[in-house]
Amino acid sequence: MAFERLEGFLTQNTVLERGLVIAPVIVAANTLNNALALGISFTVITLLTLLIASFVPKHLSYTIRVILYVITACIIFIPTAKVMNHLFTESIFKVGIFLPLLVTNSLIVTKSETRFLRKPRLMMLLDVFCHVIGFFMVIVLVGVIREILGNGTLMGNAINMPIHFAVLMLPFGGFITVGFLSALLQRIHLYLQQPVKQKKRHWATEIKEGEK
């Protein structure tokens, strides 16, 4: 039961499992700096917006509530963007429109009413935290993989790579990277769903094969 409360981090990952907020990952997260700028902004905007949204009166109409959530996200975006511009000046220019678009991300606009705000506040915050951290980990991993393999650098510093795959720096490369990570997540998910006895049998088989 405790593991299920953390499902947003892995088994219901925002990007790899649900396919939500995927555009900034495949288009703009082609370096670690870009990924950090987007990931930190997403985390701050989404967490604070949904925390404030939990205090919005439920008797207001659905449309009014969602509008208030987006307005709140826009207000939070202003200081967040200023801080990100100070920390990642070059990256803010490169990620372009994908940074301000985070104020209308799916967790705020749709999942707020259909999932998060239906729970008690503390449970909601834990669920939201797992989802945003899951997104953060994915976008950073994608940024690292694409920058190292596609450009031979990490945070702008050259890495001695024998070969580069420049296609990974393009949106197509983002699709490929996310696709492989999604497949890996599905494999982990299937493994976690196996009965304990079946896992033990699998481990025993691997040990016997190793002894041979």
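Helices are DSSP runs of H or I with at least four residues, strands are runs of E with at least two, and both are numbered from the N terminus.

I also found a kink of about 30° at Phe77 in H3, shortly before the proline Pro79. The bend at a residue is the angle between axes fitted to the seven residues ending there and the seven starting there.

On numbering and confidence, I noted that residues count from 1 along each chain as its sequence is written, and that in this predicted model local features need pLDDT of at least 70 and side-chain atom pairs pLDDT 80 or more, while totals for chains, interfaces and linings use all residues. Side-chain values use heavy atoms, with hydrogens and water left out.

I listed the buried residues of H3, among them Arg65, Tyr69, Ala73, Phe77 and Met84. Buried means under 20% relative accessible area, exposed over 50%, and partly exposed in between, with a 1.4 Å probe and protein chains only. The cover over these residues includes helices H2 (32-53), H4 (89-95), H5 (106-109) and H6 (111-114).

I looked up how the two helices cross: their axes come within 9 Å, at roughly 145°. Axes are lines fitted to C-alpha atoms, for helices over the stretch in contact, and angles run from 0 to 180 degrees between N-to-C directions. H2 contributes residues including Ile40, Ser41, Val44 and Leu48 to the contact, and H3 contributes residues including Thr72, Ile76 and Thr80. Contact means heavy atoms within 4.5 Å. By class, I recorded 12 nonpolar, 4 polar and no charged residues. Ala, Val, Leu, Ile, Met, Phe, Trp, Tyr, Cys and Pro count as nonpolar, Asp, Glu, Lys and Arg as charged, and the others, Gly among them, as polar.

Leaving aside neighbours within four places in sequence, Ser41 touches Thr80, Met84, Leu99 and Leu102.

I placed Leu168 in the loop between strand E2 (157-158) and helix H8 (171-193). Leu168 is buried, with a relative accessible area of 11%. Beyond neighbours within four places in sequence, Leu168 is in contact with Arg146, Leu149, Gly150, Gly173, Gly174 and Thr177. Leu168 and Asn30 lie 138 residues apart in sequence but 7.5 Å apart in space, C-alpha to C-alpha.

Gly173, Gly174 and Thr177 are among the buried residues of H8. The buried residues of H8 pack against helix H1 (23-27) and helix H7 (121-151).

Most residues other than glycine have a negative phi. I noted Val21, not a glycine, with a positive phi of about 50°. Val21 lies in the segment before H1 and counts as buried at 12% relative accessibility. Met155 has a phi near 55°; I found Met155 in the loop between strand E1 (153-154) and E2, partly exposed at 41% relative accessibility.

I counted 9 helices and 2 strands. Of the 212 residues, 42% count as buried.
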